[in-house]
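Dear colleague,

I am passing on the model we spoke about, and would be grateful if you could look through it alongside the notes that follow.

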Amino acid sequence: MTIHLKYFGSLADQIGAREATCDLPEGATLAVAMATLAAEHPAIAAMRDKLAIAVNFEYQQGGHVLCDQDEVALIPPVSGG
């Protein structure tokens, strides 16, 4: 199955892209997707525990089962004034 990725903020800057796709086995969980992405991108590995993750506009946890064509947004912490 294919999921669509959206990268935001400093994470997008570090990866050098705002969008991408990722192929995963059917029935993969969000935790599997994050492990796959962390192995490919050191920036994701470094921020993994701090990222907010939304699937189809709803925040989810690692056990969430992904479906083909889901949109997964990785949102780093934001600060400022």
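Strand β1 (residues 2-7) runs parallel to strand β5 (residues 71-75), the two being joined over four bridges, and Y7 has L74 as its bridge partner in β5.

Residues are numbered from 1 along each chain as its sequence is written. Because the model is predicted, local features need pLDDT of at least 70 and side-chain atom pairs count only at pLDDT 80 or more, whereas totals for chains, interfaces and linings use all residues; side-chain values use heavy atoms, with hydrogens and water left out.

Taken as a whole, the protein has three helices and five strands, which are DSSP runs numbered from the N terminus (helices: H or I, at least four residues; strands: E, at least two), and along the sequence they follow the pattern β-α-β-α-α-β-β-β. The radius of gyration, taken over C-alpha atoms, is 12 Å, close to the 12 Å that the globule rule (2.2 Å times the number of residues to the power 0.38) gives for 81 residues, so the protein is as compact as a globular protein of that length. Of the 81 residues, 33% count as buried, that is, under 20% relative accessible area, with exposed meaning over 50% and partly exposed in between (1.4 Å probe, protein chains only).

The residue I followed in detail is R18, which lies in the loop between α1 (9-15) and β2 (19-23) and is partly exposed, with a relative accessible area of 48%. Leaving aside its neighbours within four places in sequence, R18 is in contact (heavy atoms within 4.5 Å) with L5, K6, Y7, F8, G9, A12 and D13. Of these, Y7 is 11 residues from R18 in sequence, and their C-alpha atoms are 4.8 Å apart. With D13, the side chain of R18 makes a side-chain polar contact at 3.4 Å, a term that requires a pair of N or O atoms within 3.5 Å, one able to donate a hydrogen and the other to accept it within protein, and that counts residues adjacent in sequence only if both atoms are side-chain atoms.

How values were computed: Two strands pair if DSSP finds at least two bridges between them.
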